[in-house]
Amino acid sequence: PVIPVLVVDSVDVAVPLAEALCRGGLTVLEITLRSSAALAVIEKINEHVPAAIVGAGSVNTTSQMKSVKQAGARFVVSPGFTPFLAESADKYQLPWLPGVCTPGEILSAMQHGFHELKFFPAELVGGVAFLKALSGPFQNIVFCPTGGVSAATAKDYLNLDNVLCVGGSWVAPPDTVRAGRWEEIETLARQASVLGIT
Ligand code: 3PG
């Protein structure tokens with residue numbers, strides 16, 4: 001139910017971080033291209049943490065699409081939708097989760113065959129109430145809200161029929177990662193991993 005959205009500054013923490021999240025039950029991990037280490041982190045997790053399904057996030061250009069494919073990303077997340085990125089994801093055979101936050105953007109994504117969309121930045125553009133409003137005209141679209149989702153609000157999103165999962169950085173706070181407090185991260189992951197079933 002929860003995709004950790006991760007900014008990993010150092011390749012040295014890649015394996016213990018991914019292992020802690022997987023032990024806690026979160027195995028689908030989004031490594032954002034917001035650090036220079038990101039591609040190496042994707043490679044390292046792929047090589048050493050077989051339980052993890054590692055993807056790339058904040059993929060904004062077609063050249064980044066190519067780089068993350070080469071690094072072994074199993075899926076790609078972008079903050080928005082463009083036809084160029086859609087073609088590029090297709091070219092590199094990468095499952096792609098494009099972002100939207102308006103009805104017009106949803107229509108563009110639908111025209112290109114996408115029905116599972118990231119809703120970003122979720123809290124700022126209207127959160128749960130906005131998603132409820134979208135469920136009327138867009139009955140066959142499901143969303144992964146991210147951006148400002150927290151341990152406190154994730155459940156409210158997951159209770160919506162048009163929400164498949166949520167994404168967020170709260171399960172791996174940067175200070176906790178830097179300090180190597182892996183048990184804390186495992187606990188946060190475990191709490192998040194049961195949100196969809198309780
Ligand atoms: C994203 O890229 O999905 C968001 O930046 C994650 O947002 P958060 O840090 O507020 O969870």
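This is a predicted model: local features need pLDDT of at least 70, side-chain atom pairs count only at pLDDT 80 or more; totals for chains, interfaces and linings use all residues.
Local features need pLDDT of at least 70, side-chain atom pairs count only at pLDDT 80 or more, and totals for chains, interfaces and linings use all residues. Numbering starts from 1 along each chain as its sequence is written, and side-chain values use heavy atoms, with hydrogens and water left out.

Around the ligand stand Val5, Arg34, Lys118, Phe120, Thr146, Gly147, Gly148, Gly168 and Ser169, a residue being near if one of its heavy atoms lies within 4 Å. By class, this shell has two nonpolar, five polar and two charged residues. Here Ala, Val, Leu, Ile, Met, Phe, Trp, Tyr, Cys and Pro are nonpolar, Asp, Glu, Lys and Arg are charged, and the others, Gly among them, are polar.

Oxygen atoms of the ligand lie 2.4 Å from a polar side-chain atom of Arg34, 2.7 Å from one of Lys118 and 2.7 Å from a side-chain N or O atom of Thr146. The protein buries 80% of the 310 Å² that the ligand exposes when taken alone (Shrake-Rupley method, 1.4 Å probe).

Turning to the helices, α1 (residues 14-23) packs against α10 (residues 182-193) at about 40 degrees, with the axes 7 Å apart. Helices are DSSP runs of H or I with at least four residues, numbered from the N terminus; axes are lines fitted to C-alpha atoms over the stretch in contact, and angles run from 0 to 180 degrees between N-to-C directions. On the α1 side, Pro16, Leu17, Ala20, Leu21 and Arg23 meet Trp182, Ile185, Glu186, Ala189 and Arg190 of α10 (heavy atoms within 4.5 Å). This contact comprises seven nonpolar, no polar and three charged residues.

How values were computed. A polar contact is a pair of N or O atoms within 3.5 Å; within protein, one must be able to donate a hydrogen and the other to accept it, and residues adjacent in sequence count only if both atoms are side-chain atoms. Helices (H or I, at least four residues) and strands (E, at least two) are DSSP runs, numbered from the N terminus.
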